Amino acid sequence: MPKRDFLAIPDFTREEIYDVLKLARRMKAGDYREKPLGGKTLAMIFEKSSTRTRVSFEVGTFQLGGHALFLSSRDIQIGRGEPLRDTARVLSRYVDGLMVRTFGHSNVEELAQFATVPVINGLTDLLHPCQVMADLQTLQENFGDDLRNLKVAWVGDGNNMANSWINAAYRLGFEMRLACPEGYQPDAAILERARNETSILLTTDPKEAVEGAHAVNTDVWTSMGQEEETQKRLKAFAGYFVDSALMGRAAREAIFLHCLPAHRGEEVADEVIEGPQSRVFDEAENRLHAQKAIMATLMGGSGGAD
């Protein structure tokens, strides 16, 4: 079979997403004993620092019988200007899969174009698909397998997480409601494509976005690489604070999600992230299981959940 990559959630069909999520739930429940990565190696290229991405991929590869190799851009020739296409072709001769956490989305696209092994997007400035797959698993744990009738709210920066949530709504058909300040909206092309398939609300009013939502999401206001914009962003995002009053507008059974790390007192109140509606640590754990399912599917030939 030709190699497949996972650079964005729409790289999988709706049925494939549900299959991967089903497999992830089996893995979490301890019902999956196979070692599809036995004798295989995942190369993990990091241009951005990480806690959850590195640990979950490294542990997950080990649990599936494989070996994960950490490659910092400071330690390999990418950091000295070697073309990405050369790196992709060389590493493909050594390893069985690549996971990349980088800045520009074009970087992971170029690696995927020239690699002959599967490439997984661990994060780019445009998209964070593995995190949202874990978030979808968290939604299923709280609301059941079929996500089509859910309303999901996003409050804050129209960043890589917001873009990936829109991609998920595009594939799975749930309602997506986003509140973002002017000048910080999600990617226009991603937004327009999704609007042709499902209900997408884009507003500047967090109250409007959260009203009746089953899940309320936010993220830090200043991501890696944007530190020089911190003061400007603090002003722009004033009023996009997720506190108990805002959560009170969501559905009674609503949950709170955050990909972490969180700046408590900035984008979210401590009372919310530590409160009974918070699922942030279930969400963090599900990175492990969702990514294991992705790797088993792409690298191990587990192409189904049964």
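**View 1. Arg 195 and its contacts.** Arg 195 touches Ile 200 and Leu 202, leaving aside residues up to four places away in sequence; contact means heavy atoms within 4.5 Å. The model is predicted: local features need pLDDT of at least 70, side-chain atom pairs count only at pLDDT 80 or more, and totals for chains, interfaces and linings use all residues. Residues are numbered from 1 along each chain as its sequence is written, and side-chain values use heavy atoms, with hydrogens and water left out. Arg 195 belongs to helix α7. Helices (H or I, at least four residues) and strands (E, at least two) are DSSP runs, numbered from the N terminus. With a relative accessible area of 38%, Arg 195 is partly exposed. The classes are buried under 20% relative accessible area, exposed over 50%, and partly exposed in between (1.4 Å probe, protein chains only). C-alpha to C-alpha, Arg 195 and Ile 166 are 9.1 Å apart in space, and 29 residues apart in sequence.

**View 2. The whole protein.** The protein has 12 helices and nine strands. Its C-alpha trace spans about 55 × 45 × 35 Å along the principal axes. The radius of gyration is 19 Å, in agreement with the value near 19 Å for a compact globule with 306 residues. This radius is taken over C-alpha atoms, and the globule rule is 2.2 Å times the number of residues to the power 0.38. Of the 306 residues, 55% are buried. Among contacts between residues at least 6 apart in sequence, 75% join residues at least 24 apart.

View 3. Helix α1 covers residues 14-29. At 1.5 Å a residue, its 16 residues should span 22 Å, and the end C-alpha atoms are 23 Å apart, which agrees. The expected span is 1.5 Å times one less than the number of residues. Ile 17, Val 20, Leu 21, Leu 23, Ala 24 and Met 27 are buried in α1. Seen down the axis, the buried residues of α1 fall within an arc of 160°, so they line one face of the helix. The arc is that of the directions from the helix axis to the C-beta atoms. These buried residues pack against α5 (129-143), α6 (160-172) and α12 (280-299). Glu 15 and Ala 29 are exposed, on the face turned away from the buried side. Gly 30 follows α1, with a positive phi near 80°.

**View 4. Aromatic pairs.** A search of the whole structure finds six aromatic pairs. A pair of aromatic rings is described by the distance of the centres and the angle of the planes. Rings of Phe, Tyr and Trp (its six-membered ring) pair if their centres lie within 6.5 Å; planes under 30 degrees apart count as stacked, over 60 as edge-to-face and the rest as tilted. Phe 6 and Phe 12 are stacked, at 4.7 Å centre to centre with 20° between the planes. Both Phe 6 and Phe 12 are buried. The Tyr 184 and Phe 237 pair is tilted, because the ring centres are 4.9 Å apart and the planes are at 55°. This pair links distant parts of the chain, 53 residues apart. Tyr 184 is in the loop between β6 (175-179) and α7 (188-195), and Phe 237 is in the loop between α9 (230-236) and α10 (244-247). Tyr 184 is buried at 10% relative accessibility. Phe 237 is buried at 0%. Tyr 184, Trp 221, Phe 237 and Tyr 240 form one aromatic cluster.

**View 5. Arginines over rings.** Arg 54 lies over the face of Phe 70, at 3.8 Å from the ring centre. The charged end of Arg 193 sits over the ring of Tyr 170, 4.4 Å from its centre. A charge sits over a ring if NZ of Lys or CZ of Arg is within 6 Å of the ring centre and within 35 degrees of the ring normal.

View 6. Most residues other than glycine have a negative phi, and most peptide bonds are trans. Leu 260 and Pro 261 are joined by a cis peptide bond, with omega about 0°. Pro 261 is in the loop between β9 (255-258) and α11 (270-273). Leu 260 also lies in the loop between β9 and α11. Leu 260 is not a glycine, yet its phi is positive, about 65°. Its relative accessible area of 13% makes Leu 260 buried. Leu 123, in strand β4 (residues 119-123), has a positive phi near 160°. At 7% relative accessibility, Leu 123 counts as buried.
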